[in-house]
Amino acid sequence: MASPPLQQSSFLLASLKADYLNKPFLQRCQDLVKVIDDYPAKELHLLFTWLVESVFGSLDGSIVGWNVRFVQARTNEYNTIVEFLDPSGPMMKLVYKLHAEEYKYDFPISYLPGPVRASIQEGVLPDCPLFHNKLQFPPSGLLSLSLSLNPFEYYMFYFAASLIVQRSYLPGQHLSPSDSAYFVLVDSYLKYFLPTEGNVPPSLVPVVRGTVSPPPPRSPIVPFTGYGVHHTSLLKRHISHQPSMNADPAAQEIWRSETILQVFVEMWLHHYSLEMYQKMQCPQVKEPFCPTEEHVLVVRLFVKHLHSFSSSQRPELITSSPSAHSHTSPLEEFKRVVVPRFVQQKLYVFLQHCFGHWPLDASFRAVLETWLSYLQPWRYTPEKQSPHMDNQDRTVPDKWAAFVQENLLMYTKLFQGFLNRTIRTDLVNPKNALMVFRVAKVFAQPNLSEMIQKGEQLFLEPEHVLHHRQHRFLTPSLGGSFLSSRQPFITDSVFKVKSHVYSLEGQDCQYKQMFGAEVRNTVLRLSQLIAQAKQTAKSISDHSAEEAANQSFLSWFGFESSDLNTSYLGNDIDYMGLDSIKKTDEYLDRTLDYICQIFKLNSAQLSQLMVSFVSTQDDGGSKQLPDCIQEANGLLLTDLGRLQMINGLRKFDIDYQGDPELQPIRSYESAVLVRLLYRLSSLINERFAGEMDSLCSRRGFSSRLARYFLTASSTAETSKRSPLTRRSLERQPQPRISLRYLGSYRTLFSIFLLYVIASFFGFGPVSFIFWGLLACFCHGVVMTMFADKQKTH
């Protein structure tokens with residue numbers, strides 16, 4: 001009986017696959033819309049997995065699909081893709097059609113994030129309702145486990161996974177992640193399924209059957225112990241005891257909001273397990289996943305919307321008693337617990353890993369802004385503040401003190417991680433200076449530092465009153481449910497703060513106070529580095545002005561010096577003009593002001609410290625060597641010396657210590673002449689090496705004159721300014737002839753000018769060469785005699 005529909009579905013799938021290769025994109029989408037409208041769910045069932053994969057690509061990255069992540073607003077396909085995948089578009093209509101018939105689709109666990117996959121393979125069910133009662137146990141064993149998902153879950157898993165799958169795009173494209181179709185769709189899904197106003201819109205296709213399918217049979221071979229109590233979903237809890245016809249519509253639809261939230265959190269944030277984070281002090285323990293800048297920007301959008309969603313809770317419910325929550329709507333209760341229950345822990349570990357492993361460049365701005373967005377939920381509240389008021393003039397309302405205390409590590413531990421990054425970056429770069437300024441500006445908001453200090457005081461309260469309640473530290477990782485109506489409401493702020501810290505850092509953590517002596521010393525060190533960066537920026541500005549004023553006439557002919565021994569300033573200043581240096585100076589100045597406000601520093605004393613440091617630099621500090629230690633094999637830089645070189649504060653005058661004849665050809669040299677002269681001098685040196693060595697080893701004026709012409713200049717003076725190894729110090733120069741100077745354009749031009757002048761006095765080529773060699777010989781005699789007299793004196 002099932003053969004005709006099956007054959008029809010197979011024919012339909014084959015036809016769509018053929019159209020996928022032959023028809024243009026717009027025509028294919030129009031055909032898909034018509035198929036979704038005209039065909040029943042029984043025939044669309046076999047098309048669903050192919051359609052999802054053709055849209056988002058395969059999970060292994062082999063099929064690109066529609067390339068939703070790289071489609072920009074300026075392209076022709078953008079509007080078509082956004083309309084087709086819109087929350088109320090044709091694709092979601094297909095999802096609801098299939099969901100009404102309770103179809104299931106398999107999603108391999110091999111494409112889940114590492115901690116989730118490892119937990120399932122070890123026989124431990126993750127503490128997330130999303131994975132409960134969905135495991136399928138194939139006969140082949142645990143390696144091919146999969147999740148049995150309903151169409152909405154399957155679609156959202158694929159949509160979220162497509163962000164972290166590495167795909168290639170055309171190298172010539174200039175992509176803006178926030179302008180892509182994927183970014184816009186994420187924003188649309190969040191606003192639709194997690195609305196800040198009203199309830200979640202109903203399904204396009206009414207769900208007639210039960211919204212929660214019965215759990216699939218569990219294999220008795222692998223006992224799943226779980227992290228703790230297995231929680232039911234919000235939907236089960238709210239409508240399991242109500243007749244379906246009288247159920248609250250919001251309760252019937254809340255499962256989609258819970259599903260999309262859990263899918264995004266698990267697929268985007270759960271790449272680093274809490275247990276692995278607590279072992280991060282061991283350098284051998286590393287997790288391979290590295291998020292991209294696009295990934296972090298999407299996470300920031302997610303965090304900002306969750307703050308808006310949570311803050312849209314009705315005001316009377318925020319201040320009401322705990323018993324009142326049992327009479328609230330499912331969506332309002334969901335708003336109350338969405339951030340602490342689902343996001344806080346995984347986002348903290350995610351950001352902590354980014355702070356420790358992200359490159360020390362300007363791309364860290366994406367991570368920084370994600371962190372700062374989470375720290376400021378008051379920016380996303382419905383209350384509108386005065387638009388002309390600057391951010392630092394806005395006082396943080398007292399009602400957010402509980403949020404600060406329950407997220408204490410987000411403020412203190414990550415701030416210390418940011419300090420450790422900052423003292424290793426180049427603060428002369430305006431992009432890095434802007435990041436320091438942004439953090440200082442946020443933490444300098446009135447009331448915020450006091451709230452953080454209050455949270456630290458609560459954590460440091462004596463624990464003797466809490467020992468009898470240690471077993472009640474219920475956290476997401478230990479099975480505690482923030483949604484359970486049976487959990488007693490915790491009123492003890494001390495207990496909340498300690499529970500937050502211990503759940504993330506472990507019971508044996510050594511908490512370092514943000515306003516303690518150690519961090520305060522680090523802040524003072526940062527202030528000194530800021531002063532150094534300001535002085536370096538000033539030096540760069542002065543140096544650029546001098547170079548512009550002192551350009552010689554010969555530069556018009558391309559004879560300006562471009563010696564490879566020019567010192568490296570250690571900053572990315574190629575693009576920096578005077579405007580960039582002014583921005584750097586402004587950012588760093590305001591950062592120092594904010595630091596004084598945050599840590600209650602005496603601005604006069606800090607300014608005096610900066611002035612004294614700048615005067616020290618002007619007195620010759622910039623001419624000193626970086627801080628280093630003399631060892632048997634040469635100089636070894638200390639940590640302070642590395643910081644000095646990174647910020648361009650001190651440097652070695654790097655000199656070439658190899659064979660002078662083998663230095664790279666400079667821009668002011670003729671490559672052909674240099675190579676020919678090197679071959680000629682090499683032949684002479686090889687042929688007469690013994691004679692030159694014996695001549696220079698004798699005593700007398702003639703041998704000293706020979707050493708002047710045949711011996712390379714001593715490196716004794718340059719060794720004081722250039723890092724040399726013991727081997728290079730012991731190397732003795734060998735007597736030889738060097739003709740490379742004749743390959744220089746400047747030397748040839750000087751000889752040509754002298755010959756032109758000599759020709760006016762009747763000198764021919766032969767006589768000019770003779771008198772030139774005689775002049776060089778006399779110069780050598782004079783220099784040798786002068787050197788002898790200086791030694792005698």
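Visitor: Are Phe152 and Phe193 buried or exposed?

Guide: In this predicted model, both Phe152 and Phe193 are buried.

Visitor: How should I read the way two such rings sit together?

Guide: In general, a pair of aromatic rings is described by the distance of the centres and the angle of the planes. By the rule used here, the count comes to 44 aromatic pairs. For Phe152 and Phe193 the ring centres are 5.4 Å apart and the planes stand at 70°, so this pair is edge-to-face. Phe152 belongs to helix α7 (residues 151-164) and Phe193 to helix α8 (residues 181-193), so the pair ties together parts that are 41 residues apart in sequence.

Visitor: Which aromatic cluster includes Phe152 and Phe193?

Guide: One aromatic cluster holds them both, and among its other members are Phe56, Tyr155, Trp255 and Phe302.

Visitor: And how do I read two helices that pack against each other?

Guide: Two packed helices are described by the angle between their axes and the distance between the axes. Here helix α15 (residues 365-375) and helix α17 (residues 408-422) pack at an angle of about 155°, with their axes 11 Å apart. Because angles over 145 degrees count as roughly antiparallel, α15 is roughly antiparallel to α17; the crossing of these helices is left-handed.

Visitor: Which residues make the contact?

Guide: From α15 come Leu368, Trp371, Tyr374 and Leu375, and from α17 come Met410, Tyr411, Leu414, Phe415 and Phe418. Sorted by kind, the residues of this contact of α15 with α17 are nine nonpolar, no polar and no charged.

Methods
Residues are numbered from 1 along each chain as its sequence is written. This is a predicted model: local features need pLDDT of at least 70, side-chain atom pairs count only at pLDDT 80 or more; totals for chains, interfaces and linings use all residues. Side-chain values use heavy atoms; hydrogens and water are left out. Axes are lines fitted to C-alpha atoms, for helices over the stretch in contact, and angles run from 0 to 180 degrees between N-to-C directions. Helices (H or I, at least four residues) and strands (E, at least two) are DSSP runs, numbered from the N terminus. Angles under 35 degrees count as roughly parallel, over 145 as roughly antiparallel, 65 to 115 as roughly perpendicular and the rest as oblique. A crossing is left-handed if the near helix is turned anticlockwise from the far one by less than a right angle, and right-handed if clockwise. Contact means heavy atoms within 4.5 Å. Ala, Val, Leu, Ile, Met, Phe, Trp, Tyr, Cys and Pro count as nonpolar, Asp, Glu, Lys and Arg as charged, and the others, Gly among them, as polar. Rings of Phe, Tyr and Trp (its six-membered ring) pair if their centres lie within 6.5 Å; planes under 30 degrees apart count as stacked, over 60 as edge-to-face and the rest as tilted. Buried means under 20% relative accessible area, exposed over 50%, partly exposed in between (1.4 Å probe, protein chains only).
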